[in-house]
Amino acid sequence: MSDSLNQRQIQWFPGHMAKTLRLIGSELKNVDAVLVLLDARIPASSLNPEIEALLGDKPRIYILNKSDLADPHVTSRWLSYFKGAHSSCVAISSKKKGAAAGVKTEVDRALAPLLERRAQKGMSGAQIRLMLVGIPNVGKSTFINSFAGSQRAKAEDRPGVTRGKQWVTVGGYDLLDMPGVLWKKFEDLRTATNLAFIGSIKDDILDMEEIAAELLSEVKRLYPDKIAQRYKLNAQQMELDRYELLEAIGRKRGMLISGGEVDLTRAAIMVVDEFRASKLGNLSLESPADAVFPDQKEAQP
Ligand SMILES: Nc1nc2c(ncn2[C@@H]2O[C@H](COP(=O)(O)OP(=O)(O)OP(=O)(O)O)[C@@H](O)[C@H]2O)c(=O)[nH]1
Ligand SMILES: [Mg+2]
């Protein structure tokens with residue numbers, strides 16, 4: 001996995017991502033605040049250190065999106081974590097009503113000094129301009145559609161859907177949708193695998209059997225009951241190593257090829273799809289205790 005991801009670095013950081021990073025830098029002066037979308041299941045791994053470095057002291061709000069898929073107990077610990085670091089943070093599901101309201105409250109709070117200055121100058125009616133940034137597939141365009149209450153930006157269940165910037169005006173807000181962007185060198189294997197699990201890296205450059213085996217091992221470590229229940233595993237099967245577990249699950253689902261062997265590729269795709277569709281239940285793969293944030297990431301060799 002390590003080798004296959006590292007050898008293919010160039011493919012997960014294609015030219016358009018470098019372009020997006022430059023675009024974020026150049027559009028920064030045109031917005032009042034930045035909404036940094038994170039995946040609530042992996043808030044640390046989905047925080048792009050290169051975007052962080054670009055934002056400087058621009059007001060920003062961290063949005064833990066897809067919280068409908070995450071473990072609510074872990075999400076509330078993340079909210080405390082961000083707030084403890086004096087950062088604005090809100091957990092939402094862009095697929096549910098009310099996502100925009102919570103974000104608007106945070107935006108008003110983060111921009112209170114600016115809104116005050118505008119009021120004093122008699123400019124209270126000026127548009128609030130917000131830029132959305134984040135890794136591919138995190139839900140930036142879906143959030144904009146939820147905010148607007150209509151399909152204004154193209155959103156699909158695969159990374160790399162938005163290819164250029166797009167302004168969407170909704171009432172007093174101008175929202176700037178951006179393509180997703182990863183960074184050139186992941187600091188550790190855990191970050192890379194987490195991003196692969198949630199579908200931020202294109203599946204066709206990944207070894208899906210390795211991703212599925214690793215995912216099973218992580219879910220087994222963090223939520224053993226959920227995996228045992230979903231795949232009806234007995235105590236003995238729970239002791240299998242990660243590839244044996246993938247094979248056992250494939251066999252249970254009748255995914256066989258000629259000779260009675262398990263079709264591991266099919267089993268792998270099924271396991272990853274089921275995780276992404278939250279068939280195993282709500283789960284979070286990272287908690288604040290194992291967070292590695294950009295300043296710490298840079299300090300690593
Ligand atoms: N369950 C759930 N799914 C979501 C949520 N937000 C977005 N999605 C789904 O995630 C997928 C990706 O959403 P997009 O809005 O296209 O993501 P994006 O960040 O714009 O992606 P790129 O344009 O590729 O960078 C879609 O299938 C959405 O329906 C959420 O809060 N909960
Ligand atoms: Mg998009």
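A residue counts as buried here if 20 or more other C-beta atoms lie within 10 Å of its own. Keep that in mind as we walk through this structure, which is a predicted model.

**The strands**

Take strand E4, residues 128–134, to begin with. By the cut-off above, 5 of its 7 residues are buried, so the strand is mostly covered. What does E4 pair with? Strand E1 (residues 33–39) pairs with E4 in the parallel sense, and strand E6 (residues 173–177) pairs with E4 in the parallel sense too. The table sets out the two pairings.

| Pair | Sense | Bridges | Residues standing opposite |
|---|---|---|---|
| E1 and E4 | parallel | 5 bridges | Ala 33 and Leu 130 |
| E4 and E6 | parallel | 4 bridges | Met 131 and Leu 176 |

As a rule, side chains in a regular strand alternate between the two faces of the sheet.

**Around the ligand**

How many residues surround ligand 1? There are 24 of them, and the closest are Gly 139, Thr 142, Asp 157, Thr 162 and Gly 180. Helix H8, which covers residues 140–148, makes the largest contribution to this shell, with 3 residues.

**Two domains**

Zooming out, the protein splits into domain 1, running over 2–185, and domain 2, running over 189–276. Their C-alpha centres are 30 Å apart. Where the two meet, 17 residues of domain 1 are in contact with 13 residues of domain 2. On the domain 1 side, helix H1 (2–7) and helix H2 (9–12) each bring at least two residues to the part that touches domain 2. Which of the elements gives the most to that side? H1 does, with 3 residues. Sorted by type, this side of domain 1 holds 8 nonpolar, 6 polar and 3 charged residues.

**Helix H12**

Now have a look at helix H12, residues 242–252. Its buried residues are Leu 245, Leu 246, Glu 247, Ile 249 and Gly 250. What do the buried residues of H12 pack against? Their partners are helix H10 (208–222) and helix H13 (264–276). After H12 comes Gly 254, with a positive phi near 70°.

Note on methods:
Residues numbered from 1 in each chain as written. Chains lettered and ligands numbered in written order. Predicted model: local features only at pLDDT ≥ 70, side-chain atom pairs only at ≥ 80, totals over all residues. Near = placed C-beta within 6 Å. Buried ≥ 20, exposed ≤ 12 C-beta atoms within 10 Å, placed from the backbone. Pairing = 2+ DSSP bridges. Domains from an automatic or database assignment. Contact = placed C-beta atoms within 7 Å. Nonpolar A, V, L, I, M, F, W, Y, C, P; charged D, E, K, R; others polar.
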